[in-house]
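Hi,

Here is the structure I promised to pass on. Have a look first, and my notes follow below.

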Amino acid sequence: MSAAKGALDLQAASALSEADVVEVVQKHFGFAVSDQESLGGEVDQNVCVTDGDGRRYLLKISAAADTDIGIVRWHEQILSHLEVTAPEVPLPRLLPTTSGELYAVENSHRGDYFVRLMTWLPGTALADQTSHSDGLLTELGQIAGRLTKALSSMPEPDAQNTHDWDMLRARAVVDQGIDSITDTNNKADVEMVMAWYDTVEPLFADLPRGVAHQDLNDSNILATTDEAGLQRITGVLDINDSLFTIRVAELAVAAAYAIVRKDDPLHAVATVVAGFNSVTPLTDHELAVVFPLAAARLAMNATTWTQRLSQNSNDHGERRMKHTWPALAKVARIDPDYAEATLRHACGWAAHPDAVRLEMALGILDRTSPWASPADRTVIEVDTAVTSDLFDSVDWHDGPAVTSAIGTLLGDRTDSVGYLRHLSPNVMWSARRQVGAEEPATTTLGVHLLLRSGEFISAPLAGTVEPTESGLTVRHEIDDTEGRLTFRTHWQGITRSVGNGPTVEQGDLLGVADTDTGDGLGTVAEVTISLPRRHRPRASWPNRIRPSETPIFAELSPDPAQLLGITDTTSDRMHLSIADVLALRRKRLATSQRAYYTRPMNLQRGRGVWMYDENGYGYLDSLNNVTHVGHANPRVAAASNRQMHKLNTNSRFIYEGIATYADKLVSTLPAPLEVVFLVCSGSEANDLALRIAHQVTGRQDIAIIDGAYHGNTGVVTGISPNRYKGPGGAGAPSTTHETQIPDRYRGPWGYDDDRAGIKYGGEVARVISEMVDAGTPPAAFIAESLMGTAGNIVFPDGYLETAFAATRAAGGLTISDEVQVGVGRMGDKFWGFELGGVVPDIVTMGKPLGNGHPLAAVVTTREIADAFDTGMKYFNTFGGNPVSCAIGSTVLDIIAEDGLQQHAKDIGHYFHQQLLAVQGRHEIIGDVRAQGLYLGVELVRDRASKEPAKAEAFVVTELMKEQGVIVFPNGVYDNVLKIKPPMIFQPEHVDLYCEALDRVLDRIPV
């Protein structure tokens, strides 16, 4: 940005034409321009010029009438100074004219102008990059710190200068332009952040001063991404806003523009500030003013450009406003005291200067009970963590139900008081995981007392009641070893009589517990007490916070338990952190047992289509075909509980459940499939199916589909290309024969070929014919009815029919693997093979049968079952035990009674249509395929070449998790987002998924 404000807008006026540029460069710098590109600029005209050897330069043209030659000379001195004192900072260098000067003066029909030529710096402006890594923001802060440190040895200029971007003039600049803001919300945001500026302005007089670049905005910082995928700063442009000012202005400007386009503005500021502090340590007062100054810079930008745009259009200004107003709206909703504490914490300081002092003082206080009578209370901690047994059968968002459960916990005694622990997660506040400003507040702040409505609350200490925006604040003064200490208690959920005076003595009536002012617990009054440490005592104080804020509030707001007489703050229900779980897992589990995600969540509970971590964050589960009828389905849980109380034993005993369940399962299948073997897993089912095929046919060779996955036993790993071709795989056994994947997206016969299924089936027939000719005819052809792990491949019509016919003609058996896709998920049919118009000789099934309980099955014909019985007993200890059968029977009942097969068809169709709409907005989606509630989204780097976007798919997975949606890639190239949610998925869940995917794909460059 130019220091000359109100100058002729050369960029808009096009002071120099392309022909003029060629002439001026040749005249003053002695080379011919082979190419040129006009660049953006607030006031100056900036042009990238290229010489005959391909070298690029920056040509800067400034209106001479509005440019102080003294300032120009000073800017030259700054660059020369930095070349010596900060050679590591990538700054442009001024190049001399043919006469040895660092600028030239020219004239046009619009007046005189200065021309300067600078070295070209590589990279793309941060404003044009979709995301900025923490490493990049840290480096930005470090560069600001290095500039500040280097310029500290530069003397103050002889003549003071200022301009409209001078941070010390923020109030005047904003006042000048605020009337041009017509949007009332925008205006309110500006007024809010400028009130913060006014609060800290008295500190400016005592802040360290020096020369500052003062314009490290996202258009002036260039960066590239290296081969390792790391973003690096490659250029710092435009020193024309440089001033002698408070040195923290440098940091404030850099932080202000780091906020733009960020989901979590405060995190961005903290990262930049920590980087700066690591190079140039900040003072206490500088840390206090950084955030209000950064917010004020955004307000200056917003008001200045709004005013200018109301008078004249300007592309640069319009691009600025597109993102500045949304950024300012997010910033205005951040508590500035919390922001200061966060910045202190980021720099390794205590979040509040006397946090430790207050905690020590509380430990020796002589206080009274906060409840007036009876004097001796029974204090009971109410566990509201996600794992709490209290919510196993209670909807934690149902106020009356929760109230009843808490009432039962507290009992009928009138002297009991319940409490929620300070800084503990509360499942009643659980919400979908999101990041930044949308992160849900699921953690208690302060101690929450649970009382009966109307109970008296007394003051634990003497104090003065202060006006506040919400609740009740009492200021206390106590003496400790360091002198007089002032702190405040903040109360919510109590009503204080108007007639009470402003002061209270220890034990005096403070107020009455009131259900109308609590937090939605009905007849249970919830009174919250916390210890706010802040500069603005009249402002509101939260009673819940985001989990990410816990480390800050742990220092900023000490635990008031001691003040309330709650002395036992230990807990028997301490849970392992995610770091502890991962460490223990690494110690006790094999490394081959890999988990989802590079930064996994610590899951504690599931309910319906949601899974919850220890913080109460909810994750929409689009992945779990295991919990077929929903997580923690109450009917399934009840059936299991009932049977566990009656009988559980092995299947060689006679009991009703195994017979009735087998009969119910067979009723869903076409004849002649009628004999059931119950086992514990899909892998075990496929293993048994192969054993039957080998024994019945007397053959060993198996025909399979390339890319398939059939389980993890030794035998079925050998027919799973997904495993034996993957990392560490040993390749296919000699008895395994691969056939082509019937993939209409990547294969030779596509969606436009009506005979694709017959052609792909013909490939199966060809392989089987070769097997027969080689003297190794197939014992069986095994196929998933829809290929899951291979990339959610939906078979074309005619494929299974052709493949099965060829197998049977060669004397082999046909096996349909329904482990992932069966039990109503396909929508149009109950079993996947029915879509192909075939009936296999053997069906295997697993995951969905038990809704997460280990239950699987093999079903075949009586003829094949009898042929398998050669006298050797088949026995499975846990397969078909009474509890498993009770669960399996209940799952089938739920599917039938709740119409889940038709539901899968309807929701699957809606999901497919919504995903196609997302595909229309994002080139990275190459294909969307669907059958019922089994869908796949294939990501590619180029739709023409279909290059798999494997790395991008894993990035999408992580980003979707941050948006509260569970998804993971599969497929031959690990580039297909697999979608197979619980069958109870609803349209609103589809919308959540697609909205999150839309947002995430906006951040993925193609």
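In what follows, helices (H or I, at least four residues) and strands (E, at least two) are DSSP runs, numbered from the N terminus. By that count, the chain has 27 helices and 41 strands. Before you go further: this is a predicted model, where local features need pLDDT of at least 70 and side-chain atom pairs count only at pLDDT 80 or more, while totals for chains, interfaces and linings use all residues. Residues are numbered from 1 along each chain as its sequence is written, and side-chain values use heavy atoms, with hydrogens and water left out.

The C-alpha atoms fill a box of roughly 105 × 90 × 50 Å along the principal axes. Of the 1006 residues, 55% count as buried (under 20% relative accessible area, 1.4 Å probe, protein chains only).

One helix pair to look at: the axes (lines fitted to C-alpha atoms over the stretch in contact, with angles from 0 to 180 degrees between N-to-C directions) of α5, residues 170–177, and α6, residues 184–200, come within 11 Å and cross at roughly 155 degrees. That makes the two roughly antiparallel (over 145 degrees). Ala170, Arg171 and Val174 of α5 make the contact (heavy atoms within 4.5 Å) with Val190, Met194, Ala195, Tyr197 and Asp198 of α6.

As for disulfides (cysteine sulfur atoms within 2.5 Å of each other), there are zero. The sulfur of cysteine 680 has its closest cysteine sulfur in cysteine 885, 11 Å away, so that is too far for a bond. Cysteine 885 is buried, at a relative accessible area of 2%.

Cheers

Definitions and conventions. Angles under 35 degrees count as roughly parallel, over 145 as roughly antiparallel, 65 to 115 as roughly perpendicular and the rest as oblique. Buried means under 20% relative accessible area, exposed over 50%, partly exposed in between (1.4 Å probe, protein chains only).
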